[in-house]
Amino acid sequence: MSVLKLDRVTVLRRGRKVLDGNSATFQAHRVTAVIGPNGAGKSTMLNAAAGLLQPDAGRVTLDGADISRLHRRELARRRAYLPQRADVDWPITVERVVALGLAPQLPAFGPLPQRFLPAIEGALASCDVGHLRERPANALSGGELARVMLARAFVSAPELLIVDEPTAGLDPRHAIDAMRRLRARAREGCTVIVAIHDLDLALNHADDLVAIRDGAIMAAGPIESAATPALLSALYGVPVRLVRDSDGTTVRFLSAAEAP
Amino acid sequence: MRWLTPSLMVLLLLTATASTLAGTVWLSPHQAFASAFSGRADLAGLIVTEIRLPRVVLAIAIGASLGLSGAVLQGLLRNPLAEPGLLGISSGASLGAVVAIYFGFVAALPLAAPVFALVGAFVAAGIVLLLARTGGTLALILAGVAISGVSTALVMLALNLAPNPYAAYEIMTWLMGSLSDRSWDHLALALPFIVPGLALLLSTGRALDTLALGDVQAESLGVPVARTRLLALVGTALSVGTATATAGAIGFVGLMAPHVVRPLVGYQPGRALVPAMLAGALLVTLADIATRTVVLAGAPLNIGVFTSLIGTPFFLWLVMHVRSRTA
C-alpha cells in the first residue's frame, strides 16, 4: 500500500514561497482532492508530490522512501502524472498514445513487446476509448482527449496517480465519468491525488480533502469532517453554504448581502 | 510499416550504384566493376575509385546527417518546421569556411575550409548550448536563431569586404554547397565526426516518442528531457556541422526527409528516425546525380541550389497535403 507523504515541503520561486512548509499524507485506496483558489499552489504541490520538482526544503516520501532518491525510471513505473491541458503534438493514433504510458517499462529499441497488449486493451476499455483507437489523437474532442489521457495514465497500473485538473473544460457527464474512473482506480488500491476546481465534484467524488491557500495548508482530512462551510468561506473569501440532500452535497457561494 | 526501412535501403543502394556510373563520362556497370576491382589504373577505374566513390559515400553520409538531425529536432522541438539550420550550427560552419577562404588559408592548405568550418560549427553549438543551458526548448530555438543571424551577418560582411572578385566567387560557390572534387581525404576528415553524431541522434528515439506528450509528461515518464536536448544538440553539431563543413550548405533536406517518411510510420517521432536518415541520404544522392547530369546554360548546378529549387515547391505541396489530412 503506497502512502505518499509531504514532510514540511517548501518550494521557492524567485525568492517567493509558493509552498510554505506543508505536510500532508495521501492514503492508498482513496481519492484526495487538492482544492484552493487560483494561484494557491495546487499545481506546485502536485509537481512536488510527483517528484518532478525538487523542494527547496522538506521531503516527499513514498512508502517511507525519499522520492528524490528513487531512480527516475523506477519512479516513472510507480507513479503516473497528468498535467493540466495535456495534449499530443502529432497525429499519432490513440492506441499508440496510450502505449506511451508504458514508456518506462519498454526496452530502449524495438517494437512494442506482445506482453503489453492486454494492459493497453484494458486501459482503452476502462476509459471507453476502444472505438477511437485508430483515430489521430490531435483530432479528438476535448472530452475524448481527456479520456485518452486518463487511459495513458492508467495503462502502467501505477501505485500513485497524480492528476492536475482532470475535469477542466469537460461537460458535466464527462467530468463525473472522469471522477468515477479515478475513484475506481483508488478502490483497486491506487493512491489518487487530484487538483480540482469544481467543488461539487470534489465533495461528492473524493474521499479526502487538502485545502490550500497562499502556499499553506488550511485543512486536511476526510471530506465529511474537513469540508465545512467555515473552511470553504475562508479558503475562497466568499461566504459559503453547503446544501446536503439525498443526491449529495452542493456548494452554494453567497454574495456578501445574503451571508447569514 | 515493416517494409519501409528495407525498401529505402534497396532504393539507396540502387541510387548509389547509379551515381557511380553517371556523369560527364558515362560508364556501364560492367566497365565500372571490372575497373574498380581489377586494380588497374585505367581511366574508368580512376573515375570510379578516386572521384565517384568518395563522392557517393560523402553524399550518403551528408544526407543521412541532414535527414536524421531534422527528424530529431522536429521531434524534440515538437515543431514540424524545425530543421538542422535552426540551431545555428550550419551557419557557424559556413562562417568558419568563409574565414578560411577570406584570409587565404585555403591557398596554403587544401583542407583548410572544412577544418575551419568544423571549428565554426562546434563553436556555434557551444555558444548555443551555453545560452540555452538553463532555459527550455524555446531558449534553444532563440539562441540558435541569434547565432545563425550573427554568423550570416559576418558571412555577408566578408562578401562585402572581399579582397578580390575571385575570393567573393569562391565564398559564393562554397555557400551554395557542392560535392564536386571531394576526395577520400574529405571523407577521412568527416566520417570520424559524422558516425558518432548519427549514433547520438539515433539514441534519442524512445525519448522523442514520449516527448510527443510534451516536456512535463515526458519527464514524468522517466525521460531525462534536458539530457535528450543535449544529445540532440551535440549529435547535430557532430553530424550536420561536419556535413556542412565538407560540402557547404545543402538546404531543405533536413526539413523534407522527415516529412516524407512521417505518414508512413504513423507520425511517431522516434520511429521516423531511421527512415528519415535513409530518405535524407537518398535525396542528397539523387540531387548529386542531378547536378552532374543536368547542365543549365553550360554550368553545372550546385547541389544546394538544386535541393532548394526542387525542395521548396515539394515542401509547399506537402504542407497543403498534411494540412488537409490532419485538420
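The chat below goes through a predicted model with chains A and B.

Biologist: What should I know about the numbering and the model before we start?
Modeller: Residues are numbered from 1 along each chain as its sequence is written, and chains are lettered from A in the order in which they are written. The model is predicted, so local features need pLDDT of at least 70, side-chain atom pairs count only at pLDDT 80 or more, totals for chains, interfaces and linings use all residues, and side-chain values use heavy atoms, with hydrogens and water left out.

Biologist: How many residues of chain A are in contact with chain B?
Modeller: On chain A, 29 residues are in contact with 30 residues of chain B. Contact means heavy atoms within 4.5 Å.

Biologist: And how much area do the two chains bury between them?
Modeller: About 2,300 Å², with 59% of it on carbon and sulfur atoms. Buried area is the accessible area (1.4 Å probe) that two parts lose on being put together, summed over both.

Biologist: How many salt bridges are there between chain A and chain B?
Modeller: Two. A salt bridge is a side-chain nitrogen of Lys or Arg within 4 Å of a carboxyl oxygen of Asp or Glu. A salt bridge joins B:E219 to A:R72, with the closest N and O atoms 2.8 Å apart.

Biologist: Which elements of chain A give two or more residues to the side that touches chain B?
Modeller: They are α2 (72–78), β6 (79–82), α3 (94–100) and α5 (142–154) of chain A. Helices (H or I, at least four residues) and strands (E, at least two) are DSSP runs, numbered from the N terminus.

Biologist: What residue classes does that side have?
Modeller: The side of chain A that touches chain B has 20 nonpolar, two polar and seven charged residues. Ala, Val, Leu, Ile, Met, Phe, Trp, Tyr, Cys and Pro count as nonpolar, Asp, Glu, Lys and Arg as charged, and the others, Gly among them, as polar.

Biologist: New topic. Which residues have the most contacts inside the largest nonpolar core?
Modeller: B:I62, B:L140 and B:L179, in a core of 84 residues. A nonpolar core is a set of buried Ala, Val, Leu, Ile, Met, Phe, Trp, Tyr and Cys residues joined through side-chain atoms within 4.5 Å. Buried means under 20% relative accessible area, exposed over 50%, partly exposed in between (1.4 Å probe, protein chains only).

Biologist: Which helix gives the largest share of this core?
Modeller: Helix α3 (residues 43–77) of chain B, with twelve residues.

Biologist: What is B:I62 in contact with?
Modeller: Leaving aside neighbours within four places in sequence, B:I62 is in contact with B:L179, B:A243, B:T246, B:A247 and B:I250. Another core, of 66 residues, lies apart from the largest one and includes A:A137, A:L170, A:I223 and B:Y267.

Biologist: Back to salt bridges. How many are there over all chains?
Modeller: A search of the whole structure finds 20. In one of them, A:R78 pairs with A:D63, the closest N and O atoms being 3.7 Å apart. A:R78 is in helix α2 of chain A and A:D63 in the loop between β4 (57–62) and β5 (65–66), so the pair ties together parts 15 residues apart in sequence.

Biologist: What about B:R292 and B:D288?
Modeller: Their side chains meet in a salt bridge (3.0 Å, N to O). Both lie in helix α14 (residues 273–293) of chain B, four residues apart, about one turn of the helix. B:R292 and B:D288 are both buried.
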